[in-house]
Amino acid sequence: AGQENAAPMDEAAQTLLIDTLQEWKTAEFERLIASGQVAPRDGVLRLMDEAKAAGLKVGVCSAATKSACVATVTAMLGPARLAGLDIFLAGDDVGSKKPDPEIYTTAATRLGVDPAGCVVIEDSMVGLRAALSAGMRCIITYTASTAGEAFPGAERVVATLGCGGPDGGPAEVTAADLIAAKVVQDDRVTIG
């Protein structure tokens, strides 16, 4: 008894099981995101809208593959914000993934901007390392799993970007914060 649930012993069967589970996990994740049950983190949409209204360039740079990322970004941003992005890069758009800075340096190059004028919003040490290695400012909005990290080199560390407005509490990070920099600022922000 119990043998029907045992892990496969041969390598081919193990690989097939792993691939099948990965495909199932990806499909279930995409279904969950598309269902509308998962909302964007507090303040993300507000900050994107503020940044665009202030004339800043806004992009998404994700380590996920494009196929996995498109469904999530579409569901989270909606079609108008997605169409309004100045750049959208995923992990398969570059040769090396974070903490390598390539995704951020590629974004700056394609936008024709100086990395020193970019601000990256990240949630992990891996993302912070990538942003700093790219020569960009970085604001951390940590998650439950990254809350205990120190984030050395981050310009600011906040629990949330803050909703802003009368019903959502104060905005922790605003477009004015993105513009008011320790380094030279131009007209761009990259949200990662």
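Which glycine just after H2 takes a positive phi? It is glycine 55, whose phi is about 85°. The structure is a predicted model, in which local features need pLDDT of at least 70 and side-chain atom pairs count only at pLDDT 80 or more, while totals for chains, interfaces and linings use all residues. Residues are numbered from 1 along each chain as its sequence is written, and side-chain values use heavy atoms, with hydrogens and water left out.

The protein averages a pLDDT of 85, and 88% of the residues score at least 70; pLDDT is the predictor's confidence in each residue, from 0 to 100. Over residues 182-189, pLDDT stays under 50, and the model has 32 contacts beyond four places in sequence for this stretch. Contact here means heavy atoms within 4.5 Å.

Six helices and six strands make up the secondary structure of the protein. Helices (H or I, at least four residues) and strands (E, at least two) are DSSP runs, numbered from the N terminus. Read from the N terminus on, the elements run α-α-β-α-β-α-β-α-β-β-α-β. Among contacts in the protein with a separation of 6 or more, 61% come from residues 24 or more positions apart.

Next comes the question of surface and interior. The accessible surface of the protein comes to about 10100 Å², of which 58% belongs to carbon and sulfur atoms; such areas come from the Shrake-Rupley method with a 1.4 Å probe, and for residues only the protein chains shown count as cover. Of the 192 residues, 35% count as buried. Buried means under 20% relative accessible area, exposed over 50%, and partly exposed in between (1.4 Å probe, protein chains only). In helix H2 (residues 44-53), the buried residues include Arg46 and Ala51.

The largest nonpolar core has 22 residues, and Tyr104, Leu128 and Met136 have the most contacts inside it. A nonpolar core is a set of buried Ala, Val, Leu, Ile, Met, Phe, Trp, Tyr and Cys residues joined through side-chain atoms within 4.5 Å. Two or more residues of this core come from each of strand S2 (87-89), helix H4 (102-111), helix H5 (125-133) and strand S4 (137-141). The largest share, five residues, comes from H4. Apart from this core lies another, of 19 residues, among them Ala51, Leu77, Leu85 and Val173.

Helix H4 is also the place of threonine 106. Threonine 106 counts as buried because its relative accessibility is 16%. Leaving aside residues up to four places away in sequence, threonine 106 touches Leu89 and Val94. In the loop between S2 and H4 lies proline 99, and a cis peptide bond, with omega about 20°, joins lysine 98 and proline 99.

The loop between S4 and S5 holds two further residues to look at. Phenylalanine 151 is found in this loop and has a positive phi of about 55° although it is not a glycine. With a relative accessible area of 2%, phenylalanine 151 is buried. Alanine 147 lies in the loop between S4 and strand S5 (156-158), and is partly exposed, with a relative accessible area of 39%. Alanine 147 and valine 157 are ten residues apart in sequence and 9.6 Å apart in space, C-alpha to C-alpha.
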